[in-house]
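Here is a short briefing for a reader new to this structure. Look at the sequence and the model first, then read on.

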Amino acid sequence: MKASLNHVAILLPSVQKAAEYLRSFGFKINSLDEFVETHEIYIGDRSTFSATLLLMQPNQEGSYTRAIKKRGPGLHHIAIDVLDLSTPITFNIQGSEKMQHRGFGQNIYFFANTEGIENYPGFFA
């Protein structure tokens with residue numbers, strides 16, 4: 001199966017602080033997207049269809065707030081573009097759950113973290 005990395009999503013208490021931290025290393029920072037439960041900023045050039053980093057911040061009580069309270073900041077999910085969602089994909093990450101998603105004209109597998117990762121100074125603050 002042909003597949004490519006779409007994005008890696010990190011759940012954080014402040015997407016603005018993380019974006020500014022990454023800007024200091026020369027990363028391209030896209031505009032803030034506001035959704036019902038999250039504020040999101042993509043890091044990287046989305047026009048080239050290369051993989052990006054997605055910073056996510058809960059903005060109201062809900063599943064994202066519960067996740068950050070339970071596990072702390074860290075990996076939320078990995079999204080992989082595939083040609084056909086009906087073809088099985090084998091990708092084993094301890095503590096992850098596989099979800100399928102069709103949206104924005106794309107077929108994407110999401111591998112969502114259920115355990116959290118270590119805290120990195122300056123980024124997850």
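**The aromatic pair**

Phe25 is exposed, with a relative accessible area of 54%. Exposed means over 50%, buried under 20% and partly exposed in between, with a 1.4 Å probe and protein chains only. Tyr21 counts as partly exposed, at 32% relative accessibility.

- The whole structure holds one aromatic pair.
- Tyr21 and Phe25 form this pair, edge-to-face, at 5.3 Å centre to centre and 75° between the planes.
- Rings of Phe, Tyr and Trp (its six-membered ring) pair if their centres lie within 6.5 Å; planes under 30 degrees apart are stacked, over 60 edge-to-face, and the rest tilted.

**Basis of the model**

- This is a predicted model; local features need pLDDT of at least 70, side-chain atom pairs need 80 or more, and totals for chains, interfaces and linings use all residues.
- Residues are numbered from 1 along each chain as its sequence is written, and side-chain values use heavy atoms, without hydrogens and water.

**Overall fold**

- The chain has two helices and seven strands, in the order β-α-β-β-β-α-β-β-β from the N terminus.
- Helices (H or I, at least four residues) and strands (E, at least two) are DSSP runs, numbered from the N terminus.
- Of the 125 residues, 42% count as buried.

**Helix H1**

- Val15, Ala18, Ala19 and Leu22 are buried in helix H1 (residues 15-23).
- These buried residues fall within an arc of 100° seen down the axis, so they line one face of H1.
- The arc is that of the directions from the helix axis to the C-beta atoms.
- Their cover includes strands S2 (29-34), S3 (38-43) and S4 (52-58).

Terms used:
Contact = heavy atoms within 4.5 Å.
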